[in-house]
Every structure is written in C-alpha cells, then in structure tokens.
Amino acid sequence: MTQTAPSASRKFDVHALDGKLPAPEMRYDVVVVGGGPAGIAAARAAVAAGKTVLLVDENPVPGAAMGNDVPLFFGGRMTTATLQADRMVETVFTTEPALEAAMEDGVEVLLGTCAWGVYRNGPAFATLPENVVALADSARAWLVGYGELVLATGARDLAIGFPGWNQPGVMGAQALTMLLSRYEAFSGRRVLIVGSHDLALETALLARDKGVAVAGLVELRDAPQGSPDLVEAVRGAQIPILTGEVVARAEGGIDGVERAVLRSGAVIEADTICLAIGLIPAIELVDAMGAPRVLDAARGGHVPGPDAGLRFAGLCAGLPDTGFDHVAYRMDWARELGAVSAGDTIVCQCEEVTRADLIGVQPPNYLPRPDALQARSLCSLLADGPANQDQIKRLTRAGMGQCQGRRCRDQVAMILALEAGKPFGSIPLASHRVPVRPIPLRILADWEEDEAMRAGWDVWFGIPTQWTPYRDIGTEREREHQIAIAEGWSL
Amino acid sequence: MTYVGMPTPRETPQDTMARIADTARGMKVVIVGAGVSGLSAGWWLARSGAQVTVLDKGIVGWEASGRNGGGASHYQSPLFEEEQRMWPLMDELLGYPTEHSKERIVMAVTPKQLNQYHYLAKMNNDMGYRVDLLDGDQVRTMVPLAGDNCLGGMHYRFGGHANPQRTVQAYAWAIQDLGGRIVQHSPVTGFHTLGGKVVGVDSPTGRYDCDAVVVAAGPQITGLMAQLGVDVPLAAARAEMIVTEPAPMMPLGGVDGNGLYGRQTLRGNLAYGGGPHEWIDTLPGGPPGRPTSPLTRNLARRLAELLPKAAHLNVIRSWAGVIENSPDGRPIIDRMADPENVVVASMSGVGFGLSPASGHAVRDLVVEGRCTFTDIAKLSLSRFDGLAPNWREQQGWLSAA
C-alpha cells in the first residue's frame, strides 16, 4: 500500500492521523452502489462511455441480517430458503436479468457486498489519501477509490408503530415485495395491508398474483388514495378496501401475528400486517457522510440535496413526484396510530423504548428514575430550546439499537413533531453513522493495517506530560516517567 | 464510601454541600460553555447559592463532553482524590443517574503492553492507589470476553466510568433545579469590561450581567479570551470511537487495554476509542463537522484483539469528538489577573472523569480566589508565559489541511 508522506518541512506528530490511512486497494472511474434497474442502467451507461465501473449490491444479505431487518423491514416473515446463500445469489441474478447483461458489457458486479460508508476529505478531515467508498462482504471489509460515485440505494419501508407491531408478522411493503418477487421466500399466508396509495395497491396485487390471500387494505382517509386504475384492479380482485379505518392492534402468539383488530372493533384474521404507508429514500450513506439533505414532501420526505461529488439514480434520489403529499399522508397515519397506542406501546424495538418514555424523555429500565427525572419530559426540553432528535436519542436510547434506527428514526421524528406541535422536518433528524450497516468486528477489522498505523498508535494523544503524576511535575521523576511512558506508545 | 488506598476524606460530599450552601449568595456568574467542565462549575456555584447562567453555542454536552469514553481514572491529576470522593455520590447529589460504575481492568495482549501496565501499576501503588496485577487466567475469569491471547493485566481498585451524555444532562438539569439557567444556541459574541472586571456578556439571546465569568468553552476558549486580551494556547483535534451491538454483561464494564480506552455500557454495548487523532483548525462557531475516518477499521481490529469472544459482534456506529489540548496536555484552571473576575477552565482532554472535582476547583477560584482542597498551581496559565507563537508548528500540531 502506498502512503502519503507527511511534509518534511515541519515537525510531524507521529501520533497524528496524517499519512496513516491506507490508499484504496482498487480504484474505478465509476462506483455504483445499488444493483436495481437504476443502478444497473447507470453502470452500463458508464461502461459504454469507456469507464471502468464497479457495481455493488448488498443483496442478498445474510439470513441473520435479514432477521435484523437489514436492509428492509422483513418482520421475521422469511422462509428458511433465505438461509441458503447460493440459492439467494442465484435468485438475484434470475430476477434481474440486466445484471448479467451489465457483466457482459464489462461492469464488475459484486453481490452480497454492502457499501457501509463513504469517506471524503472535507471539514475537519484532511488525512485521506483520496476519497473512498467502504465495502464489506461476508468475509472482509475494504476500501475502493472512485472517480465518480453513483448512489442507487433505492427506498426502504416506513414503519409506524401501533400496539403489537413489535412481533413477527408486521413488516414493510418493500420487504414483502422482495420476499415475494425476488426470493420466493415469504412465510405468511394471509396478509392485511395498511394504506391505500399506489404502494399499497401494487403490493396487494402482487401478493394476490403470488398466491397469498389478501384480507384487505386499511385506509384511514375516507377514500382510497392511489390511482383509479389500481383501485379498480384491487376491487376487481375482490380485495376489500376499508376506508376511515385504522389498525388498532395486532394480536398473536408465539409465531407472531394471528389477527388485527381495527379501530371499529372489526377483527381481521391475518398472519401478516404489511405497512404500505410510504417509502423513504435510502439516504443512510448521504447522512453518514454529512452530505446535504432536503425535505420534499412530494418525493417521499428527506431526499439528497445537491452535492457536486455525488450522483443519484432511482428512488434514493426521491420518489416520482405525482403531486401526492407523502409527508401529510404519513403524518396522518402517525397521528391516528398514536391515538390508538398506549403509553407502553413500543416505538424503538431494539431498545424497547415505549411511546410514554420517548415523550417523557425517560431513560431505559435499567436506570433509576428519581422524582426530578420523572418531572422531565419533551415539554421541559422544549422549554430549554429547540428539540433535537439526537439529544433525545441519547437520553431515551430510541434509535440507538442494532437496527441503527432504520425501523424507528422516521417515526420518532414524526412523534416528536406531533407532540411538539411543530411541522415535520423542523426538528433535526437523528443522524446515521458509519458503518450504515451492522458489520461484525472481525469483518470490519483491518487485519493488514499499515506499519505506520501500528507504530504511531497510542491510546490517547501521545503527550507524555499529560500522564505524569502531578506531584512529579518538574522533578527528576518526571523525566523517568516520560521515558517509560513514551516507550510504551505503539503498544 | 472510600476507596482502598485512598486517604479518608475529611468531609462527606453532603457536608461539603451544606458548608458551601450560602457562600456565593447573590453572586451572578455567567458560565461560557455547557460542556462538562462548565456545567460542573455551574453546579458547584449554584450549590453555593450563586445565580448561575450557562451559555452555549449549541446544545448541552454536544462536543467532547458528550463524545468520549466516559473514563474516570485520571489518577495523575491533583483533582483525582476529590473526583473519587465525589463520583459515588453524584447521582444522589445531582438527582439524576450518571451510570457511574467503579473500578477498571486494563488487559495486555502483547508483552510490551504487559510491561507498560506493570510500570503503571507500580506508579499507582507508589502514589497510594491500589492496583492488583492479574495473570491471564485471572483476567479471563473477570473478563468473560477476553481470549487466550490475554497475557495478564491490572485491576484498578479505584477509578471508574460513567455515561458522558447522561452526565452532562444531569449537571444541566441539576443547575436548573437549583434555579440556574441553561441558555442553549447562544454563542458568546463579546464581553463588557469595567474597572478590570467583566460586567456583562453578549450573545444573540441578549446581554447577561455578571459579577464573575467562567470561560469553559473547549477549543473556543482561545478566541473568547483573545477578546479579553489573554492568550490561552490550545489546539483542537478530532478523535474517534466505535460502538458494537450489546454483548452479554461482564461483571465489570470498565475494561480496556491494547491501546484502546472505553467501556461496556450498562446496556451492554462495547464503546471504544484510541489511536491517531487529527489536528484541526478551530473556528469561532465550533467544529465544522465531526466526521469519522477509516480508522474505524483499525479500532475494530484492536477491539477484536482485546476481546476475541466479542469479535462476532456487529459494529453499529462510529463517532468523533473534537478535543482541545494545551501545549503540555495538562488542564488550565486559573483565575486571571486582568480581568480579575474571569476564570478559565480547559481540561485538555482529561475533563470528563475529573468533572466533579474541576467544578469544585473553579467554584473555589470564583468564590474564594484560590483552590481550597488541593494544589493546582501547576495548572496555571502562567506556565505558558513566553511560549513561542508558532508552538503548534513546533510541536507538529497543525492541521493537515
């Protein structure tokens, strides 16, 4: 590996990061993240223009990760077929024939490979040899350099909690679509769909086509929200659309959901409740790299802002603008599902944060709650200044779990906006962090790190005087300590 | 409670609180910076009866105070004994949980590390702080996630760790409960001086009149104090940490070594940092960003080596904080000669754990004019008199940008 030599013209802090970060092991003119139609098209266009192109797609993710709702909200409704890695790779190729065509064009394609971070020199960061995208598969992690980076990461499911949603069988529409049409690995038999916009209608028709019984669609507004031809098709398939209605709770047993109870009291037998309220452009990488983001209600909420160093393709750039106000629609759902929820309804599944504890800004159960703490709440925080979701996350742990906030970041933002009486988007969203996918230590680790990193390593700043006992400062002993301590650097 | 090897405190923390209760009654104090040092100072002053206003450019504990390893074991400091006296009582005194936990284990996976830790153990025992040496098997018994590669270690029978984010919020809330004010999103833009004193502090949220000022604004101290004609040499750097998903709880969460600092949180996550830092330029408004770097991978490696039985755990986030250091890496806690009612507090990268004591020292400087419980003369600003203006360059502490 090459190293950028620190300038010889000034004294160099051997414990500083300068010159220690490795150069990427490969470099491509164009790296495309996401192997859906938009990503494939971008990759093929680049190769046709004579560029070297790498296309990575995280699918298929390992079965264990799918159980943790990576990358979509699978809700535990996968069959064991998802545990067979070879079969899973095969299904990705057979369901996306353009992938093979892209490979024949000369695109290098890596499946089962996630992009977990993008590193760029910028504010407070100037020690990278060059900008890189960080990748990992099931064996290792590595860095790849790029001339141009295209993000085609798609969209993921918006989850909004209600009583009983934290059990197997509550899942998202994107996840259901992937299990049905790509992997043929959906374990449910009868599904109730929440929502009636195009996403919900299309999901209902797909499920019907794949032989899954569709118990109906639940729509809180007074009329179906999707395009008339899709509504017609769903009605023609004898699938009821229950308007003015909300799922009040999911009931079930050891295998998860068995039925849904609606606000009207109606009971609907279903082993799966599919949330099809909305899609969120998958901008975790954008957030984690500190790139700009804007709120566009017609395009699905938070979408990437203009960034000279990035290009976006497909749904991650924003949903197609059909004039539908996605944010107003999902806020209606958040309000109504909040109204049927109780204080003990879980919001953050990983950390088991309840709605009452989120709004009350209370700590997890393993900590005591003295009176002074119980008197604190979102209200008292708002009195101290504008609310900040990251601050509330730190105090309540909502969004701090192993799903990295993908299940609850947006619903926490909606709940906070509703409770604060402020428009969605006015409270800063919680941040996403690198790695934007959970990656085991042993895989993330750089087992071939450069000698400069090893030699210059120190536990803190590498300032020997910082570690001299106070009483020895200015004495003969100080020198002894400093020699002994400094010898211990680069442990 | 007292620690083995620690001198018996002359006074319980509760008795200290009772003794100081009215010593600053009526005094208006403005604290610049709602980090852990400023907040602790504000809390001690509010406990003394002062009318405390804490101003911050952003949110409580948003910089290094809320982004660190949570360690409370800087035994080199003259403030350490006071820190050890206070920490076990802080939850009760503040009224909010800090997740403070006692003691630490430091474990070696290379012979060089083991030698280093043995040196440090002797250094501590010489100071009267008890450190027990452990062999590999003893470490493996106490640290279930340790592996066959562990060669031994040491058990600090003192020190500990706490949750930085919960702690900073606890200080802030406790100040409010005592009648003080926390004004966020309120960067200080100027000072009013009269007769050798600062009598008012300006910010976009208004002018705050004061009898005394504490400047505890981390790297921004330099720019603020320059407005008062005082040179405070500090350099800022970015340092990084990683966090895993929860692991089974170990009997003692304060476990580190192999060039890492960190802890297992009470939730079970492993939160660890260490390794190279990046010097950056300081802007008046604070850091322009706090990005992490591919150093994440080197931290992952170190942690997998330290705790091999956790190597399968997922890393779920990384973060960075911006920390200031003085030229010798030691805190600056000092009351200025002119303006004479200004106290500067930079803890130079070792502030979190020492905070219960640093606040006491600052309170003493504000109210009594001197630190009453320990000698902090070697932490005075005057030790940098005559420092070369290009000291950052001479020490190699310049931004790579």
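**Entry 1: a sheet in chain B**

Before I start on a sheet, I note that two strands pair if DSSP finds at least two bridges between them. With that in hand, I turned to this predicted model and looked up an open sheet in chain B, where three strands lie in the order 7-8-9 with antiparallel pairing. Which strands stand at the edges? I found strand 7 (190-194) and strand 9 (206-209) of chain B there; each has a single partner strand, so one side of each is left without a neighbour in the sheet. From one strand to the next, the twist averages 25°.

Next I followed one pairing in detail. Strand 8 (residues 197-203) and strand 9 of chain B run antiparallel and are joined by four bridges.

**Entry 2: two helices in chain A**

Here I looked up how helix 6 (residues 198-209) and helix 7 (residues 228-236) of chain A meet. They pack at an angle of about 35°, and their axes are 10 Å apart. The crossing of helix 6 past helix 7 in chain A is left-handed. Which residues make the contact? Helix 6 of chain A brings A:Asp198, A:Leu201, A:Glu202, A:Ala204 and A:Leu205, while helix 7 of chain A brings A:Leu230, A:Val231, A:Ala233 and A:Val234. By class, I noted seven nonpolar and two charged residues in this contact, with no polar ones.

**Entry 3: where the chains touch**

How many residues of each chain are in contact with the other chain? I have 71 residues of chain A against 80 residues of chain B. On the chain A side, the elements giving two or more residues are strand 6 (141-151), helix 11 (371-374), helix 13 (389-396), strand 22 (439-440) and helix 15 (441-444). The residues on that side of chain A divide into 44 nonpolar, 14 polar and 13 charged.

Strand 22 of chain A also pairs across to chain B: two bridges link it to strand 16 (residues 314-325) of chain B, in the antiparallel sense. In that pairing, I found B:Asn314 of strand 16 as the bridge partner of A:Pro440.

**Entry 4: confidence**

Last, I checked the scores. The model has ipTM 0.96 and pTM 0.96. Chain B averages a pLDDT of 96, and 98% of its residues score at least 70. Over residues 1-7 of chain B, however, the pLDDT is below 50, although this stretch has 17 contacts in the model beyond near neighbours in sequence. Where pLDDT is low, the predicted coordinates should not be read in detail.

Technical notes: Residues are numbered from 1 along each chain as its sequence is written. Chains are lettered from A and ligands numbered from 1 in the order in which they are written. This is a predicted model: local features need pLDDT of at least 70, side-chain atom pairs count only at pLDDT 80 or more; totals for chains, interfaces and linings use all residues. Axes are lines fitted to C-alpha atoms, for helices over the stretch in contact, and angles run from 0 to 180 degrees between N-to-C directions. A crossing is left-handed if the near helix is turned anticlockwise from the far one by less than a right angle, and right-handed if clockwise. Two residues are in contact if their C-beta atoms, placed from the backbone, lie within 7 Å. Ala, Val, Leu, Ile, Met, Phe, Trp, Tyr, Cys and Pro count as nonpolar, Asp, Glu, Lys and Arg as charged, and the others, Gly among them, as polar. pLDDT is the predictor's confidence in each residue, from 0 to 100.
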